[in-house]
Amino acid sequence: MILSINPTSQNAILTKGTSDQQLQSFNLFVQPGTTVSVEYQFQNTQVNWLEAYVSAFNGNTAIVEVFLVNGNLLTEANYTAKILLKDENELYNIHTVNLSITEPLYKIKTEKPNYDMVYNRISNTLSGNNLVNILHNTNSEQLTFETVGTLFLEKTAIDNFTLVEDPAFPFSTNSELPQTGSKVVTCRLRKSNGQIATSFTVTVQVINTNDISVNPAVLNFSLYKHLAEEKSSILQINNPANRNYTISGPDFVTFSAISGNSSDDVTVTTKNSVDLLAQLYTGEIVVTYDSKTVKIPVTVNNIDFVDLKLNDYNFCLDQFILTVKRMTETGKIVRIGLEINIESAERNVTVNPVYQIAYYNDQAQTDVGKKIHNHFPVFSKHIFGNPGVEFNNVFIYKPADVTITIEELNSNYEVLFTRKIENIKLYPGKKPKMFPAFTNSNLKRIYADSAHLFSYVTSLVDPSDIVGKAVSNNPFSTGEVNSIYFEDSENLMYFGDYKNVLGIDFLRAPKGHQQIFYQYINENLVPELFVFNGDYLIDDTYEHTYDDVEFNAKKYDAKIIGKLTLNTGFVFKEETAALSQLNKRNLGFVKIGEEILKVFPITSKYRRADSSVNVKNDEFEFLIVEDGN
C-alpha cells in the first residue's frame, strides 16, 4: 500500500528552445513489499511531456525523479500533468506538475563570431568570406556598422552587408596592417539608441611573398549516409609567382585538379556517403611546391539516422544511449517504439512502450537501457533449498530481447523516415566487475563447511569452472543467467587457504561463532550471498489489541514485529562495498541453521570506510517479514 507522497505538487518553468531537464523530485512512502507502477494524465495535449522513475526503496521510502521531456513540442503557455503512483491494488496517489512556458530572449548577432579574409600584397587583392549576415533583427532596428581602426568602411542603416576596405585608407598603404602575419579587427553593430547590439571580429591574414597560400584554411563536410550524396567546396590556390604545385589528400575526397602552375580554384568533392562508414573522417589536404607544403585539415562527418553502440554482451545501465540524427528539414519529432520480451523465473514480461522526443541541435538522444531495465522482474525467492554437493543450477532470467523502431515525424506526426533494429540482447544493471560472474566482489571469505552462491552467464561459464571437476547440471539455454547455491560440507570445492574462482579471490578465515547465510538481490537482479560470521539477536516487539473496560476486559489480537541483528564477524575492507549494497536492497533471506527468515535491511548508518584498519566488524539490522520456512 502507498502511504503518502511529499510534496503533492510542483510548479515548473520551461524556456522555449532549451533542452529537456530534470524537475523537482519527491518522496514516496509505502508499506514494505509494495509494488509501485507509474501512469500519467496530460491535460489539453497529446504530448507526453513527463517521465517519472521510482528509485530503489530504502526501508519504506523511495525518491521519485521527474524529468521534463519533449518540451519543444509544447506550443501553449501553460500545461498541467498528473503523475499517478499505483500499488498492486490499483490504489493511487497523485503528484501534480504545473508547467509554464516562456519565450526566449534572442539577441541580435552576426551569423559568425569571426570572419576570415586574406590580403595579398603582391597582387593587392582581398579575398575570403566578406558577407556579413545579421540574425534576429526582428524589430528592424536601424543598425550601424562600426570598426576599431580604419581598415573597413563603416556603414549606416544596414541589413546584411559586405566587408570592403575603406577607400580613404587602402590596405596597400594602411599602417594598421603588418607586412606579413595577421590582424584581428574588432567590429560592432550599434542600435539607433546608441546601444551596442553585438560585436564580432575580422581576422585579416596578410601575405607578402611569392609563396603559395590556400583559402579556406579548413574544410568541413557533413553528409547523410542514406541520401547517397556527395558535397563539394572550392579551394582557392593563391599562386602569385605561378609556381608548379601538386595536390594530394585522404582517400575520402577527390580533386578537380591535382597539379597546376597558376592561381586556381580547385573543387574538392567527397566520396559518396553510401560508400563511407557512418563516422567522422579526418585528414589533411597537402599542396606541395618546390620544397614547401601547405596543409589544410579536412573532415567528413557521415551521419546515419541511428547511432547505437552494440557489444557482444550489453547491459541496461551502461549508458545504452540511442542517438537519432535529423534526416529531413521538416523532421521535428522522433518516435521510438520498444518491443521488450523478458523471460524470467519470476514471470514473463512483454511490453511495447512508445516514447516521443523532439530534435535539439538536429539530434535526439535517450537512454533506452534505463527504460528497459525498469521492466525486469525482481527475483523474490530464496534458493537455500538446494544445499549439498549436486550442481543444482537455478534459472533466473534470460536477457531482454528487444526490437527498437525509430521514426522521424513532421509537425503533423507524419512518418518521414524509419529504421528498425532487431534482436538486441540486454541484461539488467551495469556490467559487473567480475563478469561473467554477476558480482562486483573480487574477494570473499571462506570458512570450513561454508556455503557458496554464484550467478553467471551460462554460455561463458561451465560448472567445472566453479567446482574444478566435471559435474552434472540442469539444462539451460545459451546466454541465460543461472544461480547455484550449495553448502560445501563434503568439499565439492577444495580450497586450501586460497582459491580463485571465476576471477574472485577466496581467502580462508577462522570460523567464528556461527555462519549465517544472507541472500540478497544485487544490482544485476540476481541472488548474491554474504556470509555473516558473528553473533545474532532476534528481538520481538508485541502490539496488543484489547479493551480494558472494568469487569469486561478482553484481548482481541497480538501483532509481533521481529527485528534481527547480525554481527558480520571480521570482514575484509574489500567486502564493505557489498555490505553497503545489500543494505540498500528491498528484500533478502537469512538462513540460520535450518531456519529461513524473509527480511529487509533497516540499518540506518554504516561506516563503509575506515583507513585505520584492514579488517572490521559491524552490526546490521533487519525487519523480519516472514518467520519460518
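**Overall architecture and local features of the predicted chain**

The chain carries 53 positive and 72 negative side chains, and the centres of these two sets are 4 Å apart. These values, like the others reported here, were computed from a predicted model. Of its 629 residues, 44% count as buried.

The secondary structure comprises 3 helices and 52 strands. The radius of gyration is 35 Å, well over the 25 Å given by the globule rule for 629 residues, so the chain is more spread out than a compact globule. Taken along the principal axes, the box filled by the C-alpha atoms is roughly 115 × 65 × 55 Å. Among contacts in the chain with a separation of 6 or more, 66% involve residues 24 or more positions apart.

In soluble globular proteins, nonpolar side chains tend to be buried together. In the present model, the largest nonpolar core has 56 residues, and those with the most contacts inside it are Leu322, Ile372, Tyr397, Ile404, Ile406 and Phe438. A second, separate core consists of 30 residues, including Ile2, Trp49, Ile83 and Leu85. With residues up to four places away in sequence not counted, the contacts of Tyr397 include Phe376, Tyr427, Pro428 and Phe438. Glu343, Ser344, Glu480 and Asn524 are also among the residues that Tyr397 touches.

Thr96 is placed in strand β9, which spans residues 92-102. The relative accessible area of Thr96 is 14%, and Thr96 is therefore buried, the cut-off being under 20%. Beyond residues up to four places away in sequence, Thr96 touches Thr8, Ser9 and Gln10, as well as Thr80, Ala81 and Lys82. Cys187 is situated in strand β18 and is likewise buried, with a relative accessible area of 0%. Between Cys187 and Thr201, which are 14 residues apart in sequence, the C-alpha to C-alpha distance is 5.6 Å. Contacts of Cys187, leaving aside neighbours within four places in sequence, are made with Phe145, Glu146 and Thr147 and with Ser199, Phe200 and Val202.

Ser172 belongs to the loop that connects β17 (161-162) and β18 (181-190). At 40% relative accessibility, Ser172 counts as partly exposed. When neighbours within four places in sequence are left aside, Ser172 is in contact with Tyr119, Arg121 and Asn124. The C-alpha atom of Ser172 is separated by 9.3 Å from that of Asn120, a residue 52 positions away along the chain.

Several features of the backbone were also noted. A cis peptide bond with omega of about 0° joins Asn215 and Pro216, and Pro216 lies in the loop between β20 (213-215) and β21 (219-224). Another cis peptide bond, with omega of about 15°, joins Phe435 and Pro436; Pro436 is found in the loop between β38 (415-427) and β39 (443-446). Positive phi values in residues other than glycine occur at Asp362, with phi near 70°, and at Asn423, with phi near 60°. Asp362 is located in the loop between β34 (354-358) and β35 (363-367), where its relative accessibility of 41% places it in the partly exposed class. Asn423, by contrast, lies in strand β38 and is exposed, with a relative accessible area of 56%.

Definitions and conventions:
Residues numbered from 1 in each chain as written. Predicted model: local features only at pLDDT ≥ 70, side-chain atom pairs only at ≥ 80, totals over all residues. Heavy atoms only, no water. Helix = DSSP H or I, 4+ residues; strand = E, 2+ residues; numbered from the N terminus. Buried < 20%, exposed > 50% of the residue type's maximum accessible area, 1.4 Å probe, protein only. Contact = heavy atoms within 4.5 Å. Rg over C-alpha atoms; globule rule 2.2 N^0.38 Å. Lys, Arg positive; Asp, Glu negative; His and termini not counted. Charge placed at Lys NZ, Arg CZ, Asp CG, Glu CD. Core = buried A, V, L, I, M, F, W, Y, C linked by side-chain atoms within 4.5 Å.
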